[in-house]
Amino acid sequence: MPSEKETGKSNLNLTADELKEEGNRCVKAGSFTEAILHYTHAIKLSPADPILYSNRSLAFCKLQQYYYANEDADKAIALNPAWAKGYFRKAEVSMGVGQYDTALLSYGKALQLQPQDMGIIHAARKAATLSNAEREKEKRSPFIGSAIGCAVGLCIVLADMLLTENPTIKYTSLMVFIIMVITSMGFGIAKLVWYYKKLQQKGLLDPPNDLLEGSYKTAPNIKTLRMHHHRESNATNEIGTQKLKRDSA
């Protein structure tokens, strides 16, 4: 059995096609991180191959690394705009983050290039179904929030009337006002929930934060540190020499 060191050397000698096959094998086995490593190595050897970017996009998507998956899908499209798989990969990324309308656009471009592909057709139908369901939920959500707010307002008014000896809400106009205010709050909260959900979906495609970026900008380099240390040493030696001269005098 070859050692781990020998295996590493043999992997370095693989061609781009062989590395791609290794990546494909890892994807089928569910080892998506290992697949990304193989595809990345293959891309270094063959940077103009859109299939490598497409395959790596799939692996990133499986790991829910949607920003990188989307970047690779865009790269595959840029390298071969007449290839349907690049648009299909981009659509799959949009599906992963819940942007079904955007996914439909990408599926549509893929279907223009391969109109008879049943895989793309079924995926587009699924995206359309999810998009319609999502739109209906968004339409109903404010009314559901309003109904919940109205019920809460009624409960507050009735509790004040029935459970307290001296009700604080004595006037009918005040009761109606309280119920309307809480109903409006339910409507607004439902709207905010959907707005926040869309922001989250959009944020999944934003580039990740570079936590080390600031440290690279602010940290001094080794040469500067050595020069500073050398100056401090010279200054210390000079002070010590002057002190010895004064003491001897």
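Modeller: Gladly, and one term first: a crossing is left-handed if the near helix is turned anticlockwise from the far one by less than a right angle, and right-handed if clockwise. Please keep in mind that this is a predicted model.

Biologist: Thanks! Which hand does the crossing of α8 and α9 have?

Modeller: Helix α8 spans residues 118-162 and helix α9 spans residues 172-203. Their axes are 7 Å apart and the helices pack at an angle of about 145°. With the term above in mind, the crossing of α8 and α9 is right-handed.

Biologist: How many nonpolar, polar and charged residues are in the contact of α8 with α9?

Modeller: Each residue of that contact is sorted by its class. For α8 with α9 the residues divide into 13 nonpolar, 8 polar and 6 charged.

Biologist: Which residues does UniProt annotate as "transmembrane region", and how much of each span is helix?

Modeller: The annotation comes from an unreviewed UniProt entry and covers residues 143-163 and 175-196. In the model, the end C-alpha atoms of residues 143-163 lie 29 Å apart, while those of residues 175-196 are 32 Å apart.

Biologist: Now to another pair: are α4 and α5 roughly parallel or antiparallel?

Modeller: Helix α4 is residues 50-62 and helix α5 is residues 66-79. Their axes come within 8 Å and cross at roughly 160°. Angles over 145 degrees count as roughly antiparallel, so α4 and α5 are roughly antiparallel.

Biologist: Which residues of α4 meet α5, and what is the hand of that crossing?

Modeller: On the α5 side, the contact includes Tyr66, Tyr68, Ala69 and Asp72. By class, the contact has 10 nonpolar, 2 polar and 3 charged residues. The α4 residues are Pro50, Tyr53, Ser54, Arg56, Ser57, Phe60 and Cys61, and the crossing is left-handed.

Biologist: Which residue forms a salt bridge with Asp72?

Modeller: Side chains of opposite charge can pair when their charged atoms come close. The structure holds 6 salt bridges, and in the one with Asp72 the closest N and O atoms are 2.7 Å apart. Asp72 lies in α5 and its partner in α4, so the pair ties together parts that are 16 residues apart in sequence. The partner is Arg56.

Biologist: Are α6 and α8 roughly parallel or antiparallel?

Modeller: Helix α6, residues 84-96, packs against α8 at an angle of about 30°, with the axes 12 Å apart. Angles under 35 degrees count as roughly parallel, so α6 is roughly parallel to α8.

Biologist: Which residues of α6 make the contact with α8?

Modeller: α6 passes α8 in a left-handed crossing. From α8 the contact takes Gly119, Ile120, Ala123, Lys126, Ala127 and Leu130. From α6 the residues are Ala84, Phe88, Glu92 and Met95.

Methods
Residues are numbered from 1 along each chain as its sequence is written. This is a predicted model: local features need pLDDT of at least 70, side-chain atom pairs count only at pLDDT 80 or more; totals for chains, interfaces and linings use all residues. Side-chain values use heavy atoms; hydrogens and water are left out. Axes are lines fitted to C-alpha atoms, for helices over the stretch in contact, and angles run from 0 to 180 degrees between N-to-C directions. Helices (H or I, at least four residues) and strands (E, at least two) are DSSP runs, numbered from the N terminus. Angles under 35 degrees count as roughly parallel, over 145 as roughly antiparallel, 65 to 115 as roughly perpendicular and the rest as oblique. Contact means heavy atoms within 4.5 Å. Ala, Val, Leu, Ile, Met, Phe, Trp, Tyr, Cys and Pro count as nonpolar, Asp, Glu, Lys and Arg as charged, and the others, Gly among them, as polar. UniProt positions are given in the numbering used here, feature names are shortened, and annotations may be inferred rather than shown by experiment. A salt bridge is a side-chain nitrogen of Lys or Arg within 4 Å of a carboxyl oxygen of Asp or Glu.
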